[in-house]
Amino acid sequence: MSYDLSKLPHLDNYVDAYIDTKAIEIHDTTSNLAYFDNSKKIETGDLTFLIGESMSYEPLKLPYAYDALEPYIDAKTMEIHYTKHYQGYLDNLKKIEGVDLTLPIEELLIKDTRTAVQNQGGGFYNHTLFWQMMKPKGGGMPKGALLKAIENEFGTFEEFKEKFSKAALAQFGSGWAWLVKNKVDKKISILQMPNQNAPRIDINIPILGLDVWEHAYYLKYQNRRAEYIKEFWNVVNWEFCEAQYSRQ
Ligand SMILES: [Fe+2]
């Protein structure tokens with residue numbers, strides 16, 4: 001089945017959706033990427049579309065080839081990151097005694113505060129988002145409501161980039177930098193999170209995340225985390241971030 005999504009907010013680039021009982025595949029016409037999502041409802045007429053992050057306990061199908069983010073993220077790093085680290089978090093999550101995988105991952109991470117669940121479940125959750133927060137020929141700037149929110153909070157987009165980059169650079173050891181939206185006051189802010197701790201998803205909606213574990217950059221950049229962060233801006237998928245920002 002194919003639907004015209006051109007009238008949907010935040011989805012200017014997404015014109016075809018293919019729906020089956022388990023997943024929705026949305027095609028981004030500017031990048032020719034496909035997304036598989038099941039977390040957010042957008043209703044239009046008698047159709048309901050779901051966008052957001054894949055939250056079944058299966059690895060998200062990588063919406064581009066391992067080498068698609070070259071030269072900024074090298075193919076070998078992408079392959080190992082996806083097939084070993086990401087798959088590893090999911091496999092290890094499933095092995096945790098008593099883990100309730102009938103819960104959606106966001107609910108599981110909020111309810112089950114055991115360290116193993118936070119580590120493995122957080123790793124699975126964070127990376128599922130991260131893959132979608134990047135795309136070939138990405139970069140540039142966000143548009144619309146997200147850009148306005150960034151300018152309100154940080155002054156300019158460039159100032160935001162600088163602050164986010166500094167947060168990523170300053171994260172001691174392994175962890176992430178995040179741009180998040182508070183679910184209550186709707187304000188956006190930058191967070192540093194250690195290890196694989198999800199970005200306080202009891203109170204926040206993640207908009208943009210940057211993995212600064214060494215496994216994300218060491219093969220190409222060795223210890224030069226700052227360089228990796230600088231190049232990351234060339235692959236940001238702002239359309240996905242805009243869709244995340246629109247979540248309530
Ligand atoms: Fe990672």
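Two exercises with worked solutions follow.

The model is predicted, so local features require pLDDT of at least 70, side-chain atom pairs count only at pLDDT 80 or more, and totals for chains, interfaces and linings use all residues. Residues are numbered from 1 along each chain as its sequence is written.

**Exercise 1.** Describe how helix α1 packs against helix α3.

Solution. Helices are DSSP runs of H or I with at least four residues, numbered from the N terminus. Begin with the axes, which are lines fitted to C-alpha atoms over the stretch in contact, with angles from 0 to 180 degrees between N-to-C directions: those of α1 (residues 75-95) and α3 (residues 115-132) come within 8 Å and cross at roughly 140°. That makes α1 oblique to α3, the class left when angles under 35 degrees (roughly parallel), over 145 (roughly antiparallel) and 65 to 115 (roughly perpendicular) are set aside. Next, list the contacts, defined by C-beta atoms, placed from the backbone, that lie within 7 Å: Y86, Y89, L90, N92 and L93 of α1 meet Q120, G121, G123, F124 and H127 of α3.

**Exercise 2.** Which residues of α5 and α7 meet, and at what angle do these helices pack?

Solution. Helix α5 (residues 157-170) and helix α7 (residues 225-232) pack at an angle of about 145°, their axes being 10 Å apart. From α5, S165, A168 and L169 meet R225, A226 and I229 in α7. Sorted by class, this contact of α5 with α7 has four nonpolar, one polar and one charged residues.

Key. Helices (H or I, at least four residues) and strands (E, at least two) are DSSP runs, numbered from the N terminus. Two residues are in contact if their C-beta atoms, placed from the backbone, lie within 7 Å. Ala, Val, Leu, Ile, Met, Phe, Trp, Tyr, Cys and Pro count as nonpolar, Asp, Glu, Lys and Arg as charged, and the others, Gly among them, as polar.
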